Structure formats: C-alpha cells, structure tokens
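This report covers the fold of each chain, helix packing, backbone exceptions and the contact between the chains. The sequence and structure come first.

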Amino acid sequence: MAVDPSMTRKVLVVHGVQSGPDNLNQDILIDDLIKSRIGNVPISYACELYKYENLNAEALEKYKNLLDLLAVIPIGQTIGDALIEMVGDVVISLENGKTAQFIREGMRQKILEIYTAGNPCYIVAHSLGTIYTFDVLNSLIGDGEHFDPGSRKTWPIQGLLTLGSPIGLDMFKIAGRNSVRDFGLGNEWFRWLNIWDPNDPVVSGNIFGQHLSGFKIAENFLSGDPKQGWVIRDISVDTGKSWLMAHTAYWHSPVVGDKLVDMITS
Amino acid sequence: MTRINLLIITFALWVTAGCTNFLYQGEISAPDSYGKERHFVLYWTKTDPFIGMAKAGPAILLTECSNATRLDFDDQPEGIVFRGEPGRDRLPGQTGSVALNQICGKITNYSTLKEALAGLLTVVIYCQPMPKDDFAVQSRNYLAASPEPYNFQIIEKQKKWSFFGETLEGPPVPDCRQQ
C-alpha cells in the first residue's frame with residue numbers, strides 16, 4: 001500500500017460545530033477558495049467533507065435554540081451563525097466521551113480509506129475540527145504502521161492546515177495533547193500550518209475578540225527533539241473581519257487560499 | 001422605542017466592528033531562483049478598526065510561471081520575515097536544506113506589516129529552493145537570493161469602509177509569458 005503522487009489529491013475538510021446540517025458546505029467553500037487562487041497549476045484535486053454533525057445532534061439542540069432566539073432581533077440574524085459556531089465549538093470540544101471517540105474513529109477510517117485508494121490526502125480543519133484532527137493525526141503517527149520519515153508514500157496525510165483553532169487554550173491541554181508525536185529521523189518533514197485571525201474569539205478564548213498578541217500557538221507543540229520531523233508554522237492572518245465574524249471569515253481569505261494551494265501542490 | 005433600541009445596537013456594533021479594509025500591492029520584474037527574468041507580485045491586507053488595534057498580513061509573494069509557490073512574510077520577533085522550510089529551501093552554496101525557522105527573506109524597511117504603507121518596500125532574499133520531490137507539481141521558485149534588496153513600489157490598491165469588515169480579494173498570479 002502506497003500513496004501515488006500522480007493520483008487526484010484529496011482535500012479532506014473537517015468542519016467545526018454548525019447550527020444545522022444545511023450549513024455543512026465547507027468543502028464547497030474550500031473548493032471555491034482553491035479555484036479562486038490556483039491559477040493554471042497543473043493539478044487534479046477534489047474536496048470532500050468529513051461530516052460529524054449528526055453525531056452531535058443532541059448536544060447541538062441547545063445552540064439551535066439560542067440561534068432561534070437571536071433570530072428574533074434583526075442584528076441576531078447577522079451574527080447568529082458565527083455566535084452559535086463559537087459557543088458550540090468551545091463547549092462541545094471539552095467533552096471527551098463516547099461521541100468524541102466516535103468522531104475520531106470515523107475520521108481515522110475516512111483517512112485510511114483515502115490512503116488505501118492511493119490518493120494523497122491533505123486536511124483542512126476548522127475550529128473544533130482541528131482538535132479531532134490533531135488527535136487522529138498523532139494517533140496515526142503513534143501506531144507505527146504509517147508515517148515512515150523516509151518516505152511520504154507511507155503517509156496517510158500529506159499536510160495539515162488548521163483554521164481558527166482553539167488548540168492553544170489551556171482547556172484543551174489534557175493528557176497527550178501537549179505536544180505532537182515525533183516522527184523519528186528521516187529526510188521528510190510533515191507540514192502543519194496553523195492560521196488564525198488575531199480577533200478570532202475561539203482562538204483567544206476571549207468572548208469579546210480582544211486582539212491576541214504573540215507569535216506562537218501550534219509551534220508550542222514542537223518537542224524540540226531533532227528527530228521531531230515537523231514543520232509547524234503559525235500564521236496570523238488579517239481576514240478583514242472583527243470579533244465573531246473573524247471566526248468564519250477564513251473560507252474567503254486569499255491568504256488562506258494561497259497557503260492551501262502551496263500545500264496541496266507540494 | 002424599538003427604533004431607538006435598534007439604533008443603539010447598530011451604533012454599538014459599528015463602534016466595535018466597523019473598520020477600514022486596505023489592500024496593498026507591489027510588482028517588480030527581477031531574476032528568479034533559476035536566473036530567469038520574472039514578474040513578481042507582493043500583496044497584503046490591513047484592517048483598521050474604528051476602536052482597537054489594527055491587524056495586517058501576512059504579505060504573500062507570487063511568482064510568474066511558478067503558480068504553486070506562495071511565500072509568506074509575516075510578523076515575527078525578528079521582523080517581517082519569510083521563514084524557510086527544511087526539505088524545501090537551502091542557503092546558496094549548500095546542498096542540505098535549511099534548519100527549522102531559518103530566516104530566508106526579510107522586509108527590511110518596516111518592523112511590522114501594520115506600519116507598512118504605500119511607497120517603497122525593500123525585500124531581501126537569502127535562500128533558494130531545493131530540487132522538487134515526487135509530490136511537488138512544480139519546482140519551487142521565488143526571487144533570486146541576493147545581498148542587494150529588491151525595491152517594490154507599493155500602492156494602496158483598495159480602501160473600503162464597512163460596518164462589519166470585508167475580506168478583500170487578492171491579486172491573481174501573474175500570467176506566464178515564457179516558460
């Protein structure tokens with residue numbers, strides 16, 4: 001079993017918590033974003049969404065009720081989706097029970113399905129989806145069956161791009177989520193780009209979207225060992241939006257599109 | 001009463017979320033990493049809120065005929081820098097790739113992108129790309145490494161006021177005139 005670089009590249013999009021299944025179109029948004037920025041690069045790619053909305057239906061009910069409440073005031077219609085997503089992400093991410101395990105297992109199966117077919121796979125994860133993706137990726141590295149540091153053809157995931165991730169918040173630093181799992185010595189490096197807007201409240205944990213300063217979030221997960229094999233980059237991006245809207249503005253940012261093009265073509 | 005409340009809410013949101021969005025852009029023709037004369041485009045956005053701190057960047061460098069290469073210069077403790085990547089960049093004259101976080105380029109006349117304005121912007125490049133591997137669909141390519149800075153004349157391409165901010169579109173990758 002090996003990845004064939006000449007096959008269609010799969011961009012697996014992992015969403016955050018949504019206000020309903022109707023909003024699960026992030027694969028289309030990412031496809032549009034890539035198309036808008038890729039120019040004439042000779043590449044075949046396809047976007048796909050890993051959906052777990054149905055698994056969180058019960059937990060989401062209270063947030064849907066909040067959305068309904070917001071919708072009765074005119075301004076609520078504008079900010080409702082962003083607020084729901086932010087609140088939902090932060091609260092539900094703290095749960096580490098059966099539902100979370102179910103979501104992780106489903107994602108792992110999806111990734112291995114793509115790997116078995118031989119397609120190079122790149123993951124774009126947003127918000128809560130970044131936490132699940134981090135766990136699944138590190139578990140795949142740890143199982144010893146994949147991710148030979150000398151050959152990318154053994155890698156079920158070729159690159160990771162996270163958007164608006166709350167992974168730097170203390171509340172997520174439970175056991176085993178303090179650093180990435182090292183690859184070992186080899187010639188190949190795994191790339192993780194963590195893109196965040198300084199006003200994104202989910203990244204900062206500040207409900208008022210207070211401007212986040214500093215440079216490192218994901219880069220703090222590097223072990224410092226020479227055998228780590230990771231290139232982790234935090235990229236602070238101006239999405240053009242403020243406060244709650246910043247959390248859902250990544251899908252339209254040309255910078256996100258450019259870095260994604262750079263990732264899936266390399 | 002309802003109308004007054006609505007006005008108050010709208011005003012409060014405008015104060016907290018209202019901003020001006022800028023798109024800055026500059027272009028030059030210069031030698032690329034393989035010695036060919038190419039067209040390069042550098043762009044970044046800035047958001048200046050009515051209340052609060054401005055945010056900007058990163059600046060993205062686009063290379064003619066190497067559409068897959070999108071370098072980012074972002075604010076770091078060392079200034080506005082392009083950090084090279086192990087396996088993808090190297091210093092001239094070396095066969096091995098750079099170490100993690102090697103500074104491979106720098107915008108030298110500003111310390112943060114928030115301060116950068118229309119006018120002259122100087123960029124220095126220290127590295128060159130490594131040969132591509134099986135997964136790269138194109139060779140990585142950017143401005144040639146040079147001790148002399150490249151001078152970009154930056155223009156304020158767009159400036160827009162809005163209540164909730166706007167994500168501005170970036171410029172297209174320059175057309176390829178000759179492979």
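A residue counts as buried if 20 or more other C-beta atoms lie within 10 Å of its own, with C-beta atoms placed from the backbone. The model is predicted. On that criterion, 52% of the 266 residues of chain A count as buried. In chain B, buried residues make up 43% of the 179 residues.

**Chain composition**

Chain A contains eight helices and six strands. Their order along the sequence is β-α-β-α-α-α-β-α-β-β-α-β-α-α. Of the contacts in chain A between residues at least 6 apart in sequence, 80% join residues at least 24 apart.

Chain B has one helix and 11 strands. Starting from the N terminus, its elements follow α-β-β-β-β-β-β-β-β-β-β-β. For contacts in chain B with a separation of 6 or more, residues 24 or more positions apart account for 57%. The C-alpha trace of chain B spans about 75 × 35 × 35 Å along its principal axes.

**The sheet of chain A**

Strands of a sheet pair through backbone hydrogen bonds, either parallel or antiparallel. Chain A holds an open sheet of six strands with parallel pairing, in the order E2-E1-E3-E4-E5-E6. Strand E2 (45-50) and E6 of chain A stand at the edges with a single partner strand each, so one side of each has no neighbour in the sheet. Direction ignored, neighbouring strands of this sheet are turned by 15° against each other on average.

The pairing of strand E1 (residues 9-14) of chain A with E2(A) is parallel and runs over six bridges. Val11(A) stands opposite Cys47(A) in E2(A). H1(A) lies across E1, E2 and E3 of chain A and runs at about 155° to E2(A).

Two packed helices are described by the angle between their axes and the distance between the axes. Two such pairs are listed below.

On the H1(A) side the contact is made by Leu33(A), Ile34(A), Ser36(A) and Arg37(A), and on the H8(A) side by Pro254(A), Val256(A), Gly257(A), Asp258(A), Leu260(A) and Val261(A). These residues divide into six nonpolar, two polar and two charged.

H4(A) contributes Ile103(A), Arg104(A), Met107(A), Arg108(A) and Ile111(A) to the contact, while H5(A) contributes Tyr132(A), Asp135(A), Val136(A), Ser139(A) and Leu140(A). Six of the residues in this contact are nonpolar, one is polar and three are charged.

**Backbone exceptions**

Most residues other than glycine have a negative phi, and most peptide bonds are trans. Ser127(A) has a positive phi near 55° and is not a glycine. Ser127(A) sits in the loop between strand E3 (121-126) and helix H5 (128-142) of chain A. Because 28 other C-beta atoms lie within 10 Å, Ser127(A) is buried.

Phe147(A), likewise not a glycine, has a positive phi of about 60°. Phe147(A) belongs to the loop between H5 and strand E4 (159-163) of chain A. With 23 other C-beta atoms within 10 Å, Phe147(A) is buried.

In chain B, the peptide bond from Gly57(B) to Pro58(B) is cis, with omega near 0°. Pro58(B) is in the loop between strand E3 (55-56) and strand E4 (59-63) of chain B.

**Contact between the chains**

How many residues does the contact take from chain A and from chain B? The contact takes 39 residues from chain A and 45 residues from chain B. In chain A, helix H3 (74-93), strand E6 (230-236), helix H7 (243-246) and helix H8 (254-264) each supply at least two residues of the side that touches chain B. H8(A) gives the largest share of that side, six residues. The residues of the side of chain A that touches chain B divide into 19 nonpolar, 13 polar and seven charged.

Technical notes
Residues numbered from 1 in each chain as written. Chains lettered and ligands numbered in written order. Predicted model: local features only at pLDDT ≥ 70, side-chain atom pairs only at ≥ 80, totals over all residues. Contact = placed C-beta atoms within 7 Å. Helix = DSSP H or I, 4+ residues; strand = E, 2+ residues; numbered from the N terminus. Nonpolar A, V, L, I, M, F, W, Y, C, P; charged D, E, K, R; others polar. Buried ≥ 20, exposed ≤ 12 C-beta atoms within 10 Å, placed from the backbone. Pairing = 2+ DSSP bridges. Axes fitted to C-alpha atoms, helices over the stretch in contact; angles between N-to-C directions.
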